[in-house]
Amino acid sequence: MSPKSSPQREVFVSRGAFIFAAIGSAVGLGNIWRFPYVTYDNGGGAFIIPYLIALLTAGIPLLFFYYAMGHRSRGSAPLAHRMVHKGAEPIGWFATGVAIIIGIYYAAIIGWAGSYMFFSLTEAWGDDSEGFFFGEYLKLGDPGISLEFVPGVLIPVILVWVVVLAILLMGVQNGIANFSKVFIPLLIILFLALVIRSLFLPGAAEGLNALFTPDFKALKDPGVWIAAYGQIFFSLSIAFGIMITYASYLKKKTNLTGSGLVVGFSNSAFEILAGIGIFAALGFMAKAQGVEVADVASSGIGLAFVGFPTLISEMPGGGIFGFVFFACLVFAGLTSLISIIQVPIQALRDKFRVGNKASTAWIVGAMAVVSILLMPTITGLYALDTMDAFANNVGIVGSAILSIVVVGWAMRKLPVFSRHLNAVSSFKLGPIWMTLISITGVVLVYMLITQIITYV
Ligand code: PFF
């Protein structure tokens, strides 16, 4: 290696390895706890229309866009943008920053899910899952800002970072790809078992009716369309810099568009499955409590750490169900977390020519310190909310807009990317793809303006 060349660049040994890693990144907490409620809340069965339109006209085309950027430049997000134009490098750093923020709090949530695997076995929350989670587990009783540590949270968060460090030190192929190859199939098997169990619960049909009964009037509401695009971007891990980074590890001749189609459709299949499982279970819970599904439907932290524990207590054999449910959250979360942390790791390697292991150790170390010091504190928990809202509402959309406007429009790289993709792929793109990317740019600007108006 000449003194000026960068440290040896890692590669995925096969397209399969890349596909597993990319599905691992895409299938995350968003699929399990976000998609079902977003669908329910935005027109039920009718939501599938904007959802599929967003997938086919924006999600998959943008996946191709980022694959092309990463594969052509063989660089991290900042380097890939820099190779388009020197002045575009900050866009890559912005995406890297969003990835760092998300990684810091996502690790904490995976830690909580790890604790809850074991809480499920004894139903540690008793008959007050809400009081247990916020009061006893997170110790949020005192609303004041405090840096007091909560040991029950600290230990699992440390463990998550240790596991992440171990996987990432093994490298892109032996760590990321091999881990995903084992844990994604395992996740699918476990999750299928949960869905089948849920479908046999009394009340499951009411849950599914609540989820899928279409409300076509909802399609007139622009908010429903924004929700569909938002879900697709988050779910496909677009605009965090992940897809640029992963595509940069692919061999020169790789079927990029074919891989994108596999990743895009697998991810959606998993989330539709999650919708069925979660709402069948919620239907059971509503029936057990003698209320409507609407009264128990929720998403995110409330669904996982308050709703599901109650449900687990009401279900015969709930302990095992709960253990498997939280294990699924941990596996889905970990394969996403490692993908997002690889973004700053590769950025550091490319920018400062830091060695592979050293860059991994530095980034994981620094993020772990912030995450471990911040997340198990009361201040950290308030910060989590802010970080989540910023990353999801402004970070992802903003980063995608900047890439499309600068790389696609100002630098006119779309024809170059299209030729690059066509040269290596089976599924060929044409002017329609370029048009779709441009339309997506317009839709994203509209989304960002609406988000800003709503949140400011
Ligand atoms: N596609 C992921 C999900 O649906 O959860 C998004 C994601 C979140 C990726 C957090 C990576 C990550 F660290």
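Visitor: How many nonpolar, polar and charged residues does the shell around the ligand have?

Guide: In this predicted model, the shell has seven nonpolar, nine polar and no charged residues, where Ala, Val, Leu, Ile, Met, Phe, Trp, Tyr, Cys and Pro count as nonpolar, Asp, Glu, Lys and Arg as charged, and the others, Gly among them, as polar. Because the model is predicted, local features need pLDDT of at least 70 and side-chain atom pairs pLDDT 80 or more, while totals for chains, interfaces and linings use all residues. Residues are numbered from 1 along each chain as its sequence is written.

Visitor: Which residues come nearest to the ligand?

Guide: A residue is near a molecule if its C-beta atom, placed from the backbone, lies within 6 Å of it. Of the 16 residues around the ligand, the nearest are Gly28, Gly30, Ser237, Ser336 and Ile340. Two or more shell residues come from each of α1 (15–26), α2 (29–41), α5 (89–122), α10 (222–235) and α15 (318–352), and α15 gives the largest share, four residues.

Visitor: At what angle do α18 and α19 cross?

Guide: Axes are lines fitted to C-alpha atoms over the stretch in contact, with angles from 0 to 180 degrees between N-to-C directions. The axes of α18 (residues 414–424) and α19 (residues 431–455) come within 10 Å and cross at roughly 130 degrees.
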